[in-house]
Amino acid sequence: MRRIHPYAEDDPDIAAAYAYPRDHWLRLNMVASADGAAWVEGHSEGLSGRADKRIFGLLRGLADVVLAGAATVRTEGYRPARPRESWRAPREGRPPVPPIAVVTRLLDLDLGGPLFTEAEPYARTIVITTEAAPKERRDEAADKAVLIVAGEDRVDLATAVEELRGLGLGRILCEGGPRINAQLAAAGLVDELALTVSPLLAGGDAARILDGVASRTPLTLAQVLEEDGFLFCRYLREAHDDAAG
């Protein structure tokens, strides 16, 4: 891997390249084709590659919590994160793995699935839902996970982020999908976008990495890495451009 922006460097320190500038920080991590598709045949796997998977794993290791929408969790078959030797140093003083936090308006999740039954006690899965979710489902979720109720009919993501920070989970890595990304951007909660650009034209009707209400978040290009034709771009919200590096 090599750095091509803001300066040239071979074999950069990837963990340092993606270090969180602050304890409270929300990073989106997404992959897209060269023509902007967020998936191929419904999955992001078709856009990924060896280096992308390596950075995907590293970003999880750096985070306090991994946030994802229920549709992404179902489509991508989420399971709890597992400890990695490479995470030992960046996670020193923290649990060996970050918990997964799932955003779901009506709690349409398999609460008996591996994401809940296989999570370690120190990294219990977190469910973020609404008052509109059926009470019996909320009670079941509270028994099998850490339950956060944020909002009446729709998940209030600003409240959800504050609740996660209240649990000591300030470095938030959001892995999508495009709908939750759009909601986070519209709420002004996105500090950073880590975007992998895959050397592929996908076409079709796939969504972009933000799919929802229109909003504008000015970004500064802080870094570009390259390997095997994949570009790994790190964009910071302009208000945080002093935190690049």
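This is a predicted model: local features need pLDDT of at least 70, side-chain atom pairs count only at pLDDT 80 or more; totals for chains, interfaces and linings use all residues.
Me: Is arginine 60 buried or exposed?

Reply: Arginine 60 belongs to helix H2. Its relative accessible area is 10%, so arginine 60 counts as buried. Leaving aside residues up to four places away in sequence, arginine 60 touches Val66, Tyr78, Ala81, Trp87, Arg91, Pro98, Ile100, Leu173 and Glu175.

Me: What span should helix H2 have?

Reply: An α-helix has 3.6 residues a turn, so residues three or four places apart point the same way. Helix H2 covers residues 50-62; at 1.5 Å a residue, its 13 residues should span 18 Å. The end C-alpha atoms of H2 lie 19 Å apart, which agrees.

Me: In what order do the strands of the sheet stand?

Reply: Strands of a sheet pair through backbone hydrogen bonds, either parallel or antiparallel. Here eleven strands make an open sheet with mixed pairing, in the order E2-E1-E10-E11-E9-E3-E8-E4-E5-E6-E7. Strand E2 (9-10) and strand E7 (146-149) are the edge strands, each pairing on one side only.

Me: In which sense do strands E4 and E8 pair?

Reply: Strand E4 (residues 65-69) pairs with strand E8 (residues 171-174) in the parallel sense, over three bridges. Leucine 67 stands opposite cysteine 174 in E8.

Me: Which strands does helix H6 lie across?

Reply: Helix H6 (residues 157-166) lies across strands E3, E4, E5, E6, E7 and E8, and runs at about 150° to E6.

Key: Residues are numbered from 1 along each chain as its sequence is written. Side-chain values use heavy atoms; hydrogens and water are left out. Two strands pair if DSSP finds at least two bridges between them. Helices (H or I, at least four residues) and strands (E, at least two) are DSSP runs, numbered from the N terminus. Contact means heavy atoms within 4.5 Å. Axes are lines fitted to C-alpha atoms, for helices over the stretch in contact, and angles run from 0 to 180 degrees between N-to-C directions. The expected span of a helix is 1.5 Å times one less than its number of residues. Buried means under 20% relative accessible area, exposed over 50%, partly exposed in between (1.4 Å probe, protein chains only).
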